[in-house]
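Take a look at the protein chain shown here.

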Amino acid sequence: MRTAATIFLISVFATALFADYTAPYPFAAQFRELPNAAASGSHLLGTDALGRDRLSRLLYGARLSMLLAPAAALGSVLLALGFALLAAMGGPWCERLILAAADLFLSLPLFFLLLAARALLPLHTTAETAAIVMFGLLAGLGWAGPARVMVGAAKQFSRSDFVLFAKTCGHGRIRIALVHIMPNILPVAKAQFLIATPSYLLAEASLGLLGLGIPEPVPSWGSLLRELESVSAITANPWILTPALCLFLVVAGFHMAVSADKTAV
Amino acid sequence: MTPRASRFPHLLAVICRRLIWFMVVLLVGGLVGAVLVRVAPGFGTDERMLDARLSNASIQAIARERSGGADIGWYYVDYLGRLLRGDLGTSVSLGRPVRELLGERMGTSVRSAGLGLALAWTLALAVIGLLELCRNPAGETLASVIVEVLLCIPVALLAVGCFYLGGAPALAVAAILFPRIFRYGRALARQTGAAPHVLAAHASGESPWRILGFHVMLPIFPELAALAGVTVNMAVGAIIPVEALCDSPGVGALVWQAALARDLPVLVNVTLLVTAVTLASNFAADVARNARWDAI
């Protein structure tokens, strides 16, 4: 299952990454004579209200979502890893301080902060800036969960025999953290990355559906879901459910990879 | 001094420490919310400023009005002073006292979240109990598939789906919470159900209902109570997209409108309110998890 999920995710990632070649049209190209067109040979998923090819927008949207969500997850996990190593090096006070900060961040409603910060971007913000700010916020605000797990793991390893041996050999704190502790908590970091990525994809989708996702004309999977707000549009053009289906499959792929990872551990 | 009496000062110290931590996090949470809003690049801008029909004087007046909270430190200290007097300020976008707005909408949100929580818990516990009683692999697989499917759908999309199906916001909240409660609860029940004392109870011919009640559900009660505290947080998080998309006039919809209108007084107050609810439920979850006051 893990192999199948990994292959699926890699193929989606590759298709999205090379959207310039895989998409039939540019994402902003308008076919003004064909607004809200049904699925056809030239437009496999039809066109939207502005006459833009849905398949092309789906592929370009995948590129944005599939690149930035893992990047944000990586940012969160790297921050958490840094704090975990700091806690391992700095002693009990440092660890308490980091855990208190993590508790504070966990006490703040992430989705609410994200909503507020996203809404407060200037009206003329470019779509690229909005995307970077939004996923940057996700990375900056989402470190606390992984940090709690990784600080615990780092603490456990910092009390182990091999770290004690390294200390008696006169190794410095930084060397111990980087050479002896970090490689051991990397599997935990990998699992946290796999957990954070789909949750960031889902958060972006929810924000997009609320109209606070990536602004037009740049597509993301979240912003493509806005078409689902009209039930009559869904019954008339069921293919507009494709972005939701793609998002579902990708998130399911990540979940499978995580559960397989847990089983392996 | 009896052991119970000697434990009392310790218990008091623990409660005091918790309360101080509660206040500190609350104050810092409000400050973080206010700072985030203040440092956002669009702070002080208003859609009305883009209206070409307005004169320069009108636009400057709007800009002055919107820059009221520009000095975040002063704004926050002043806000805390007013908060102690029960004054939560006035909404910039709606022109009404925030206290009034929250008072009007709180009931709707509490009802939606409460009903959603009750529905999700009832359903989750019923399914967990049924699976534990029947021990049917097909039923187990079906429940797992449904839960995984629900977990892979964005909460906002679940809210839209429930709205289309004619369900109240409470149903959407329940649809969001159910898979999370079920997954954790089922794992706990499965683990406890395989314990040696439960196998011994089965072997000695105890009734399945008695085993479920006394040997499976009762031992996992502290964990489930802790999960109940955590699910309050989840319900608070879910209520924003649910109310915004289901057009329900609650605090979630107010937050969404405030976010769109860059309404600092509403955002800071709701941040504090939500942080307080989150902290209180976390505290309750900690207490339940430890199950003994002296172990907190």
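The sections below go from the whole chain to a single contact.

## The model

This is a predicted model. The text concerns chain B, which has 296 residues.

## Overall make-up

Chain B has 12 helices and zero strands. Along the sequence, the pattern reads α-α-α-α-α-α-α-α-α-α-α-α.

How much of chain B is buried? Of its 296 residues, 43% count as buried. The accessible surface of chain B comes to about 14700 Å². Carbon and sulfur atoms account for 68% of that surface.

Now focus on one pair. Helix H6 of chain B covers residues 155-164, and helix H10 of chain B covers residues 221-246. Their axes come within 9 Å and cross at roughly 40°. Because of that angle, H6(B) counts as oblique to H10(B). Angles under 35 degrees would count as roughly parallel. The crossing of H6(B) past H10(B) is right-handed.

## Residues at the contact

Which residues make the contact between H6(B) and H10(B)? H6(B) brings Val155(B), Ala156(B), Ala159(B), Val160(B) and Phe163(B). H10(B) brings Pro241(B), Val242(B), Leu245(B) and Cys246(B).

Terms used:
Residues numbered from 1 in each chain as written. Chains lettered and ligands numbered in written order. Predicted model: local features only at pLDDT ≥ 70, side-chain atom pairs only at ≥ 80, totals over all residues. Heavy atoms only, no water. Axes fitted to C-alpha atoms, helices over the stretch in contact; angles between N-to-C directions. Helix = DSSP H or I, 4+ residues; strand = E, 2+ residues; numbered from the N terminus. Parallel < 35°, antiparallel > 145°, perpendicular 65-115°, else oblique. Left-handed = near helix turned anticlockwise from the far one by under 90°. Contact = heavy atoms within 4.5 Å. Buried < 20%, exposed > 50% of the residue type's maximum accessible area, 1.4 Å probe, protein only. Areas by Shrake-Rupley, 256 points an atom, 1.4 Å probe, with all protein chains shown as cover.
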